[in-house]
Amino acid sequence: LYLRGADEEFRHVSESELPTTYDPEAFAAVWSAHPRCCLARLREIVARVAPLAAVVLRDSLRGGVPGESEAERDARYALRARELRGCLTDLGPTFIKAGQALSIR
């Protein structure tokens, strides 16, 4: 109920309110005035990440899938990687950059 209207509030945050250079205090000042927007974004992130996290956690706790071959395991890993890439892509540029940073070996 509290988050109702958060999208509309977000659309009304003007570009002129946002800092044009990296300034954590200025960003905090803007978004502390719009807590519903922050909570709505957090809800969006959790809703997108939680299902994938649950599947990965289940796989980890079970030690994989009983009786699966090495090829099946590799296919499952590839599937999880594609799911993670899709998740990060859906969440936007900041998450894409985080994924790029994680992919560096």
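View 1. Leu 18 touches Val 13, Val 30 and Trp 31 when residues up to four places away in sequence are not counted; contact means heavy atoms within 4.5 Å. Val 30 is 12 residues from Leu 18 in sequence, and their C-alpha atoms are 6.9 Å apart. Leu 18 has a relative accessible area of 23% and is therefore partly exposed (buried means under 20% relative accessible area, exposed over 50%, and partly exposed in between, with a 1.4 Å probe and protein chains only). Helices here are DSSP runs of H or I with at least four residues, strands are runs of E with at least two, and both are numbered from the N terminus. Residues are numbered from 1 along each chain as its sequence is written. In this predicted model, local features need pLDDT of at least 70, side-chain atom pairs count only at pLDDT 80 or more, and totals for chains, interfaces and linings use all residues, while side-chain values use heavy atoms, with hydrogens and water left out.

**View 2. The aromatic pair of Phe 10 and Trp 31.** The structure holds one aromatic pair. Its ring centres, those of Phe 10 and Trp 31, are 6.0 Å apart and the planes stand at 20°, so the pair is stacked. Rings of Phe, Tyr and Trp (its six-membered ring) pair if their centres lie within 6.5 Å; planes under 30 degrees apart count as stacked, over 60 as edge-to-face and the rest as tilted. Because Phe 10 lies in helix H1 and Trp 31 in helix H2 (residues 24-32), the pair ties together parts that are 21 residues apart in sequence. Phe 10 is partly exposed at a relative accessible area of 49%, and Trp 31 is partly exposed at 22%.

View 3. His 34 is found in the loop between H2 and helix H3 (35-62). With a relative accessibility of 14%, His 34 counts as buried. Glu 9 is buried, with a relative accessible area of 17%, whereas Arg 36 is partly exposed at 22%.

**View 4. Salt bridges of Asp 59.** The structure holds 10 salt bridges. Asp 59 pairs with Arg 58, where the closest N and O atoms are 3.5 Å apart. The relative accessible area of Asp 59 is 6%, so this residue is buried, while Arg 58 is partly exposed at 38%. A salt bridge also joins the side chains of Asp 59 and Arg 80, at 2.9 Å from N to O. The pair links distant parts of the chain, with Asp 59 in helix H3 and Arg 80 in helix H4, 21 residues apart. Both Asp 59 and Arg 80 are buried. Through shared partners, salt bridges join Arg 58, Asp 59, Glu 68, Arg 76, Arg 80 and Glu 83 into one network.

**View 5. Packing of H4 with helix H5 (residues 93-103).** The two axes come within 5 Å and cross at roughly 145°; axes are lines fitted to C-alpha atoms, for helices over the stretch in contact, and angles run from 0 to 180 degrees between N-to-C directions. Leu 88, Thr 89 and Leu 91 in H4 meet Phe 95, Ile 96 and Gly 99 in H5. The residues of this contact divide into four nonpolar, two polar and no charged. Ala, Val, Leu, Ile, Met, Phe, Trp, Tyr, Cys and Pro count as nonpolar, Asp, Glu, Lys and Arg as charged, and the others, Gly among them, as polar.

Notes:
A salt bridge is a side-chain nitrogen of Lys or Arg within 4 Å of a carboxyl oxygen of Asp or Glu.
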